[in-house]
Amino acid sequence: MKDFIKKCPVFLTLAVSGALFSLIGIIGSFSVYKEYEFHVARRPYLALMIEGVSKGTMPWEAADAIGMGENEFPGSLLYEWRNGSRGQAIGVSPDGEAAGIPAESDAGDGSMVDLENGKVPEIGNGLDNQEACSSSGQGGQGGAGGQEPVGDPDVSGGRKSAGSQELSEGADTSGGQESAGSQDASGKQEPEGNSGSRSTAGGQREAGGQDTAGVQTAEDNRTYSFQTVTEDYFDDAVFIGDSRTVGLFEYGGIEERADFYAKISLTIYDALTEELAKDKETGKKITVEEALMQKEYGKVYLMLGINELGTGTTDTFMEEYEKVVARIRELQPNAIIYVQGIMKVTGKKDGEDDIFNNTNIEDKNRAIAKLADNRDVFYIDVNEVVCDGEGNLNAEYTIDEVHLKAKYYEIWKQFLLEHGIVR
Amino acid sequence: MVIFSSLEFIFRFFPAFLAVYYITPKKYREWALLLGSIVFYAMGEPYYVLLLLVAVWLNYFFAKKIYSCRDTRRGRKCRKDRVVAALVMDIGLLAAFKLLGAFLGSAILPLGLSFFLFKMISFQIDTYRGEMVQKPGFRQTAVYFVMFPQLVSGPIMRFHEGGFQEEEREYSWEKLEEGLQYFVAGLGTKVLLADRLAILWKDIHMIGYESISTPLAWLGAAGYSMELYFDFWGYSLMASGICVMLGYPFIENFRHPYASRSVSEFWRRWHMTLGSFFRDYVYIPLGGSREGMAVTMRNLLAVWLLTGLWHGGSLNFILWGLSLFALIAIEKLALGKLFGKFPFVGRFFVLLVIPVTWVIFAVTDLRELGMYLGRMFPFAGGGIAVNPRDIIKYLGMYWYYLLAGVIWCIPAVSQFLKKHRRNPAVVLLTVLVFWLSVYCVVSMENNPFAYLKF
C-alpha cells in the first residue's frame, strides 16, 4: 500500500477526491441539490457537487443533511469555523463603503454575499456559468489559481467589464455632443438633487400606473406618430440592451453619436445595476443607473428580454421591465423611451428550441408593447424589417440563428431612423 | 459516452472498465479489453457495431488466408491475389460510406470508420509484406482493431507497435500513473484550451466573414490553428494515455508541430500516424522520391489528394490538399535549402502559411472561404461594415487563452512537465487541471446554451 501511494499519487488523489465528491453529491441530492435536474442514469453524482459549486452552493452545505447542523457536536465546530471566516469577510466591506462607494453598488455587494450563502438569484447562474468556468480556467493554466469558486463571480465580473470597456469608451467620445437635441433648458444639474426631485415625479407615475393622464398637463396628452429622421437624431440617444445591441454598437455605424450601455447576456434584472458606463471625470466604472443620473438624454432605446426567456414568466419579467422603465422615466423625465420588441430567431431555431423560440418572444413582445402610451413611451418592433414571410428572423441575415451578421445591422439602423418621434 | 472528455466516460465507463480489467487475470485481459471495446462502441453505435464485428471477422479471415500463403508453392502470387481482395473490400467499404456521407450528410458515417478501416488496411498489407512475427490469433487481431481508446479517432497504431506478439504484457502501477497523467494533460488541453478557443472561431463566423477586420481575420486563423491542434492533440493524449494505463505502448501522434522549420516537417509532426500511413502504404509503394523529380511530384500529389479526401468530401478539402502539395513541392524544389541555412526563416514561414491552410480546411463553403481569404489579404479592398476596432474586443476576450495556447505550443514546456512529472508540484497541478476540466465540462453540459449568450 505504501508502495502504491508513492507510485501513484495522481491516481490515488483523483480516486479519493472523486469518491468524496460523489459522496457529497449523493448526500446533497437529498438536501441542497434537491432542486437540480438530475438523472442517475445520465450523470454521475459528483456532477451535482460541481454544479453546486458553479452556482455558489458550497459542498459543506450538503453536510447539514446528515446531522452536521450548527447545533450538533462536529457540525458546530464546522459552523463556527465558517462563521469566523465570514466575519472577516464582512469586516472588509465597511472599508469599501468608507471609500465612497455609492448606495447602488452596495446593493451589488449584497448580492455577492447572497452568492456566498448559496442563495443565487435565478438569473445569476444559467447563462453566466460558462464565464465563471472560463475565468477560473485562466487561473488553472497559470498553475497558481486554486479552485476558489466563491471568488469566481469577481473574476468573471472583471472580464465582463473588460469586454464592455470599449462600449464606454465609445460613450465617452460622444459625451461631448451631449444634449444637442435636448429640450431641457436647465442643462446639467447636481446628480443628487436631480434624482431627488425626480423621484417624486416618478413616484406619482408609478402610483398612477400606465394611465398617467391625470397628473399631466393638457399639452402632455398629445400623442405622436413616427416619422423619418436623420442620423443626428441619435446624438442624444442611449441604447441599453444585450448582445444584439452590442452588435448594433459595433456594426450599426452610430457608435460615435449615441451612448451604448450594452453587454452580452444583459437582462432586465441587471440592466440598471451593471457597471457598463464610465464616469466622465474620474474615468471610474459606474452603473447604468448612475450614468443616467449624470447625463440627460433625449431618447432611451431598450431591447432586452431574450436572455430572460428561460427564467420566470412573462408576468415576472414585465414586473421588472415596468420597474426599469419607471426608473428611467424618473431619471430622464424629458426623454422619449423606446421599448423595442425582442428580435426574433430563425425558423430553424424556433423549431428546435424549447426556450429560445418565437412563440416565447412574441409573448413577451405583446406584453412589452402594452407599455407604450405613444406620448413618451413608444413601442417599436424591428422584426418588421428583419423577418421573413413567416415571421421568423430571415435566415440569410444570420449565421447562428440569433444574431444579425454585421452587415445587416444597417437594416436595424434604417428602421430606427424611420421610426423617430419628434416632439 | 464515446467522447473521452464526457462525464459518462470519465466517471462511469472508464473506472468500471479499469476495475474489471485489472481484476481479470492477466491471461484473459485481452478478452476483457475486446468485450469492453465492443460495449463501448455499441453505446455510441448500437447498429453499426454489427458492421464493425463483421469487418473484424472478415479482415481476420483474409489476413489468415494471406498469412497461410507462405506454405503454398506460389506464395507471392497467392499473397498478392488475396491482399488485393482484402483491400478491395476495405477500401470499397470506406469509399462507399464516404460517398453516402457526401450525399446524405456525414451523420450516416459509422463512428471511427476511417480509423478502424485504416488499421485493417495496414494489417492486411503488413501481413502481405511478411511483417508478422507469427500467425496472428483472432483475439489479438480483434483487440488491435477495436481497442476502444483508438477506435473512434485513432491514433492509427500499427499492429507491430502494439506489442501483441510479445511473450507477456507488462503491467505496473508506474504505467497506470503515467498513463493517467497523459490522460489528464490531454483532457486539459481539449477542455481548457481547445473548447474555449472554439468560441472565438464561432464568434467570428457569427459576425460574417465579409465584416471582419484584417487583424481579426488573422487572429481567427491563429486561434483556429491552435484550437484544431489542441483538440486533436488533446484527444490523442487521452487515447494514448488510456493505452498506457492498460499496459499498451504510448503512440505518439503529434510532436509539437508548430515548432517546425518547414511545412514538410510540420506534416511529419502533425497527425503522425496518418502521415506515416500514407508514407508507408501510398508514397513509398509508388516509388517515393527515388525515381526522379517528376515521379516524386506525382507521388506527393497522390498522397495529398488522398489526405484531402480523407478529411472530407467537399471541394475545399481537395483545395486544402492541393495547397499543401504546392507548399511542400515548393520547399522540395527551392525553399528547402534556404530553410536549412536559416531555420528562423523556415519557422516564420510555417507560422505564416499553416494558419492560411487551416482556414481553407475550416471553411467548407467556397464563397465564404473566398471572403475570409479576402479579409486576410485585403489587396482588392472589400469588406462590408467592418469595425476596425473589433480586434481589440476579441483580443480582450481571448488573450489569455491565446497566450496559454502559445506557451503550450512550445516543446520545452511540456517536456519540462513530463520530465518532472513525479514532482509534487506537477502532481498537484495534474490534479487541479483534472478537476478544473471536469468543472468546465459540468458547466457546459449543465448549460447547453453555453455558446449562446445573447
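In helix 11 (residues 272-283) of chain B, the buried residues are Met272(B), Thr273(B), Leu274(B), Phe277(B) and Tyr283(B). A residue is termed buried if 20 or more other C-beta atoms lie within 10 Å of its own, exposed if 12 or fewer, and partly exposed in between, with C-beta atoms placed from the backbone. The cover over these buried residues of helix 11 includes helix 5, helix 10 and helix 12 (292-311) of chain B. The structure is a predicted model, in which local features need pLDDT of at least 70 and side-chain atom pairs count only at pLDDT 80 or more, whereas totals for chains, interfaces and linings use all residues. Residues are numbered from 1 along each chain as its sequence is written, and chains are lettered from A and ligands numbered from 1 in the order in which they are written.

Chain B contains 18 helices and 0 strands, helices (H or I, at least four residues) and strands (E, at least two) being DSSP runs numbered from the N terminus. The C-alpha trace of chain B spans about 70 × 55 × 50 Å along its principal axes. For 454 residues, a compact globule would have a radius of gyration near 22 Å, and the 23 Å of chain B agrees with this; the radius is taken over C-alpha atoms, and the globule rule is 2.2 Å times the number of residues to the power 0.38. Of the 454 residues of chain B, 43% count as buried. Among contacts in chain B with a separation of 6 or more, 74% join residues 24 or more positions apart, a contact requiring C-beta atoms, placed from the backbone, within 7 Å.

Helix 3 (residues 48-68) of chain B has 21 residues and should span 30 Å at 1.5 Å a residue; its end C-alpha atoms are 30 Å apart, in agreement. The expected span is 1.5 Å times one less than the number of residues. Buried positions in helix 3 of chain B are Leu52(B), Ala55(B), Val56(B), Asn59(B), Tyr60(B), Phe62(B), Ala63(B) and Ile66(B). These buried residues pack against helix 2 (29-44), helix 4 (75-104), helix 5 (113-128) and helix 6 (138-146) of chain B. The axes of helix 3 and helix 5 of chain B are 9 Å apart, at an angle of about 10 degrees. Helix 3 of chain B is therefore roughly parallel to helix 5 of chain B. Axes are lines fitted to C-alpha atoms, for helices over the stretch in contact, and angles run from 0 to 180 degrees between N-to-C directions; angles under 35 degrees count as roughly parallel, over 145 as roughly antiparallel, 65 to 115 as roughly perpendicular and the rest as oblique. Residues of helix 3 of chain B in this pairing include Leu52(B), Phe62(B) and Tyr67(B), and those of helix 5 of chain B include Phe116(B), Met120(B) and Phe123(B).

The largest nonpolar core has 201 residues, and those with the most contacts inside it are Phe239(A), Ile240(A), Val300(A) and Val146(B). Helix 9 of chain B contributes the largest share of this core, 17 residues. Such a core is a set of buried Ala, Val, Leu, Ile, Met, Phe, Trp, Tyr and Cys residues joined through C-beta atoms within 7 Å.

Most residues other than glycine have a negative phi, and most peptide bonds are trans. The peptide bond from Gly154(B) to Pro155(B) is cis, with omega near 0 degrees. His256(B) has a positive phi, near 45 degrees, and is partly exposed, with 18 other C-beta atoms within 10 Å.

Terms used
Contact = placed C-beta atoms within 7 Å.
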